[in-house]
Amino acid sequence: MKKFLLAALFLIASSAQAITNDMMMLRMNIKADVAIEYLKSALENRGYSIAHTQKCDGGMQSFGYTTDFYRSIFFGKGAEAREISKAHPDFVSYIPHKITVVAEREETVLSIVNPHVFDRFYPEDSMMLQHFKNWHHDILSIFSDLRAAERAHKLQ
Amino acid sequence: MLRPLVSLIALSLFFISSSAFADARGEMLFGQHCVACHQFGGKGGIGLPLTPEKMENVDDLYLIRTIQLGRPGRVMPAFTELNLDDVRSIVDYMRSASNTKSVVFEASHLSGNPDRGEGLYHLHCVTCHAEDGSGAGEGTGVTLSRHRGFMVMPPSITNPGFLASASDPILEFAIKHGREGSGMLGFKDVGLLDEQGVADIVAYIRQMGSDQQVAPPLPEDERPTITIESPYDFDTTVSNVRQSLVGANFRIFPDRYLEQGLLDEFMVNKRQVGIRFCNFNELYGMLAIEPRVGVVLPCRITILEQEDGSVLLVAPNLKVVSRWFNNDNLVRLWAAMNEGLSSIMEEASL
C-alpha cells in the first residue's frame, strides 16, 4: 500500500513537471566549431561518455549539397545503457542520447529531444521515469554550464 | 516644494528599478524559451523575425496569445507551462528591447465577403501562402544554414494558433501595409487592394482556417519503437538487414555496437549492433522541412541477441518521433517513411 502511494505520488510529481516542449534547444553566441568543444567538456563534466560524433555536413557535401556545420554528438553512460537494453530492449533506439550542433552563421543552435516525451510510454515503470527525470535535469544543467562557458568565452 | 519633488524622484526610481527587474526576468525567459528559434534582436531563425518594424504592427494581446497558443503543427510550441505574469514579462521585454508600444487598432467597420475574397486571394496571395493558407515552400522562418526559396518563409495564415491570436484588425493591417524586409507588399499602400478587398480576403482566410486539418492525436497503443523478433540467429539477421537496406537504395555507414564508446572496448557487448543508414537525397529534403531532424537521424536498426538467444530488431517509430517536432509537414513525410522502414525490417525477418 505504502509502495503504491509512493508510486502514485511520484507519478503526480513527474507529470506536474512534464512540460509541453518536446524539444530542448539552446542558442549560443559562439561559432559552432568552438561551441561543440564546450559541449563535449560539459557532457564529460556531468559524467557522460561521448560515444562518437557524426558529421552530417561532410556526408551531404560529398553528395554535392551545400550546407553549414551540422554535427550530432552521441553520448551516454555505459552502465545505464546495459541496464536499459536488458530491461527494455524496445528502448535501445534512443541509446545513446543524441544532440545536434548546427551553425547559424556566427552562432550555434543545439537541439535534443526532451526525455520526458517518453514518460507516456512507461507510465508505471519507476526506473524508466527516474531515468527520464535525471536526463532532463542533466540537460538543463549542461545548458546552464554552456551559458556560463559562453559568458567566460566573451570575456576572453 | 522640495518634499513632493523628492517623493516624485523616489517614486520614479521605484518604477525604474521595478521595471528593470521585470525586464530582467522577461529577458531571462525570452533567452530561455525564444532565442533558440527567434534569435536575440529578433533576427529570426527557425522562427520568424521579430523586428521592431513587426512589433509596430501588432498589439500585446497578439503576442500574449501567440506565446500561450503557439502554432500547432507549425513548429512553435504552446508555452502552457508559463503563467500569465511570465508571459507578460516576456512581452514587456520584447517591447522595451524593440523600443515599441502596443498598437491600438480602430475597430474595423467593413464586413467581408469570403466568396469575393477567394478570387482576390488566388490573385495576390496564393504563390506565397499556398492554396490552403498553410505557407508555400519548405521550412519556416529564416533558418540560415541552408538555401531558402523565399527571403522569409511565408507563415501559415490559417493555422489555428495564429487565427486565434490575430484579431481582424491585425490581419487587415498586415495585408494593407505588408511586412518590411520579407517580400510581402503593403497591398493597400501600393493600390492593389482597397478597404473592401482587404476585408473580403480576411473573411476568406477565416473561412479557410475553420477547414484546416491538424494531425490527429496518435493512437494510445503506439510504441516509441518498431520491435520485431527475428526467426534467424544474430549473424544471419545482421546480414539480412544489410541486404534489405542495400536493396532499398540506402547508403550504409560503418556499424557500431550499442555500448561502443560508452564502456571499455573489451567489455562491450558485441551481440548488440546498430546498422546505420541514410539516403542523402531524402535527408536534404527533410532538413529543408525541419532543420532539427538530426536529433533522430541517421536511421538505425539495432539488432540485439537476448540472454535466451532470441534476436530482436528495433528501430525508432517515426510516426511517434515526428510528433516531437510540432511540424505537420514532417508528420506527413515520416508516416510514409515509417512504412518503408517497417517493410525493410519485415523483409529481413521473413
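Trainee: How many residues of chain B are in contact with chain A?

Mentor: In this predicted model, 65 residues of chain B are in contact with 55 residues of chain A. The area buried between chain B and chain A is about 4800 Å². Carbon and sulfur atoms give 58% of that area.

Trainee: Which residues of chain B lose the most area to chain A?

Mentor: They are B:Leu262, B:Val295 and B:Trp324. Together they make up 16% of what that side buries.

Trainee: What makes A:Lys86 and B:Glu307 a salt bridge?

Mentor: Check the distance. The closest N and O atoms of A:Lys86 and B:Glu307 are 3.2 Å apart. A salt bridge needs a Lys or Arg side-chain nitrogen within 4 Å of a carboxyl oxygen of Asp or Glu. The pair therefore qualifies. The count between chain B and chain A is three salt bridges.

Trainee: How many residue pairs are in polar contact across the interface?

Mentor: The rule finds 17 between chain B and chain A, with both residues at pLDDT 80 or more.

Trainee: Which element gives the largest share of chain B's side?

Mentor: Helix 12 of chain B does, with five residues. By class, the side of chain B that touches chain A has 36 nonpolar, 18 polar and eleven charged residues.

Trainee: Why is the ring pair of A:Tyr122 and A:Phe132 called tilted?

Mentor: Start with the distance. The ring centres are 6.0 Å apart, and a pair needs centres within 6.5 Å. Now the angle. The planes of A:Tyr122 and A:Phe132 stand at 55°. Under 30 degrees would be stacked and over 60 edge-to-face, so the rest count as tilted. The A:Tyr122 and A:Phe132 pair is therefore tilted.

Trainee: What does the pair tie together?

Mentor: A:Tyr122 lies in the loop between strand 5 and helix 5 of chain A, and A:Phe132 lies in helix 5, so the pair ties together parts that are ten residues apart in sequence. Both rings also belong to a cluster linked by ring pairs, which includes A:Trp135 and B:Trp324.

Trainee: How do you know whether A:Tyr122 is buried or exposed?

Mentor: Its relative accessibility is 4%. Buried means under 20%. A:Tyr122 therefore counts as buried. A:Phe132, at 0%, is buried by that rule too.

Trainee: Why is A:Ser72 called buried?

Mentor: A:Ser72 has 0% relative accessibility, so it counts as buried. A:Ser72 is found in strand 3 of chain A. Leaving aside neighbours within four places in sequence, its contacts include A:His52, A:Thr100 and B:Gly294.

Notes
Residues numbered from 1 in each chain as written. Chains lettered and ligands numbered in written order. Predicted model: local features only at pLDDT ≥ 70, side-chain atom pairs only at ≥ 80, totals over all residues. Heavy atoms only, no water. Contact = heavy atoms within 4.5 Å. Buried area = accessible area lost by both parts, 1.4 Å probe. Polar contact = N/O pair within 3.5 Å; in protein donor to acceptor, adjacent residues only side chain to side chain. Helix = DSSP H or I, 4+ residues; strand = E, 2+ residues; numbered from the N terminus. Nonpolar A, V, L, I, M, F, W, Y, C, P; charged D, E, K, R; others polar. Buried < 20%, exposed > 50% of the residue type's maximum accessible area, 1.4 Å probe, protein only.
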